[in-house]
Amino acid sequence: MRDVGRLTILPAFGVRKGARAGIVLARKFLAGVEEYVRQWGGPVRVVVEEGAGQAGNMDEVEIAEEELPFELKVARYDGPEMRRTLEGSAVALLALHYRQLSLCELCASMSIPAVYVSEYSLRTQLQMLAVSRVNPVVRLRRTIWLLSIERQARRVVRKAAEKGGGVQCNGTPTYEAYRGIAKESLLYFDTRVREKILADEATLERRTKRLREKGILRLAYSGRLMAMKGADHLVPVAKELKRRGVKFSLAICGGGELEAGMRKEVAAMGLSREVVFKGVMDFERELLPFVRDEVDVFVCCHRQGDPSCTYLETMSCGVPIAGYDNEAFRGVVAHSAAGWLTAMNRPAELAARIAKLNTAEILEHARRALSFAREHTFEKTFGRRVEQLKRIAERSRATERVYTFSGIS
């Protein structure tokens with residue numbers, strides 16, 4: 001088998017030591033790197049800075065460094081040791097993050113193709129800033145900073161492409177932003193769902209049969225209960241559905257800063273029979289089976305276009321989504337023809353759209369959602385990403401062979 005060389009991955013978060021002196025990482029990140037290891041077929045090195053870890057992460061695990069299925073190095077991205085750390089890389093997979101923008105020049109000087117992973121568009125970052133609790137002066141400063149970083153990011157993507165690299169875009173917003181400046185632009189949709197745990201047609205039929213017989217529309221939301229995710233609009237949606245006489249239940253899965261206030265709202269509005277808080281659920285063991293078997297429609301009030309894995313993971317359960325038309329969800333609906341879009345920040349309109357749904361329409365969109373998810377499973381998504389990395393690495397090696405044969409150094 002041909003030696004593919006080493007894949008070097010630089011994620012956009014730091015790591016910290018745990019209580020037992022191990023490394024604290026998110027299970028989702030570990031699963032992703034393990035899939036890279038499996039599909040790359042050569043050595044994989046992960047380079048991280050020392051830091052607090054992934055913000056807001058709810059699935060952290062502590063693991064001894066020697067138990068990791070890949071090589072881990074802790075180094076400052078702007079430190080002198082980075083050249084030595086990157087040496088021998090066939091390709092470097094970097095984050096389009098302000099801490100890593102300067103690494104494009106370093107990779108170019110070492111003839112290492114750089115592939116940047118992009119997730120948050122400028123618009124999404126500005127939306128996230130808009131709902132943050134900072135004073136107007138700080139918000140203005142951060143807006144100016146974000147505009148500057150975006151200009152730098154576009155230059156870096158162009159430079160990486162010129163030097164044989166490319167970009168991998170999680171969701172359509174950044175794909176639309178960068179595909180015109182990088183020939184090697186890959187669109188993917190983030191998910192943790194493997195093919196073996198996808199829903200099937202029988203599950204969809206069972207849910208549909210129950211909906212027809214009981215007449216109660218089972219709705220759900222899962223995620224962090226915070227303003228950025230629009231969790232504060234879930235109760236108003238429920239209130240409007242009840243006002244319209246819709247027979248429904250709404251399961252709210254997750255936890256966060258808004259939970260206590262939402263519980264008070266539910267009680268005050270007389271929604272305790274319709275709305276239930278299920279807390280934080282284990283993803284594979286509890287959440288996926290619940291959504292797959294017990295939910296007809298997912299309610300998504302996301303206020304910004306972050307490429308949430310919620311979309312594909314919900315669709316993997318054969319559950320269609322009704323939500324605000326943020327740029328990320330709009331892209332998912334455009335590519336899948338599944339789900340329903342309503343205007344941003346208007347919970348009454350979202351409730352009105354849900355109220356109009358009928359059983360046949362829900363089943364049709366459930367089938368479309370599942371069909372789309374089948375083409376974007378965890379394995380297939382990483383397969384496409386690794387295929388691009390291998391293609392870029394091989395092209396770089398071929399170019400080096402031409403230069404060597406020609407006597408050019």
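Phe 189 and Phe 372 are both buried, where buried means under 20% relative accessible area, exposed over 50% and partly exposed in between, with a 1.4 Å probe and protein chains only. This is a predicted model, in which local features need pLDDT of at least 70, side-chain atom pairs count only at pLDDT 80 or more, and totals for chains, interfaces and linings use all residues. Residues are numbered from 1 along each chain as its sequence is written, and side-chain values use heavy atoms, with hydrogens and water left out.

The ring centres of Phe 189 and Phe 372 lie 5.4 Å apart with planes at 70°, so the pair is edge-to-face; rings of Phe, Tyr and Trp (its six-membered ring) pair if their centres lie within 6.5 Å, and planes under 30 degrees apart count as stacked, over 60 as edge-to-face and the rest as tilted. Because Phe 189 lies in the loop between β10 (185-188) and α7, and Phe 372 in helix α14, the pair ties together parts that are 183 residues apart in sequence. Helices (H or I, at least four residues) and strands (E, at least two) are DSSP runs, numbered from the N terminus.

Helix α7 (residues 201-214) and helix α14 (residues 359-374) also pack together, at an angle of about 160° and with their axes 10 Å apart. Axes here are lines fitted to C-alpha atoms, for helices over the stretch in contact, and angles run from 0 to 180 degrees between N-to-C directions. The two helices α7 and α14 are therefore roughly antiparallel, since angles under 35 degrees count as roughly parallel, over 145 as roughly antiparallel, 65 to 115 as roughly perpendicular and the rest as oblique.
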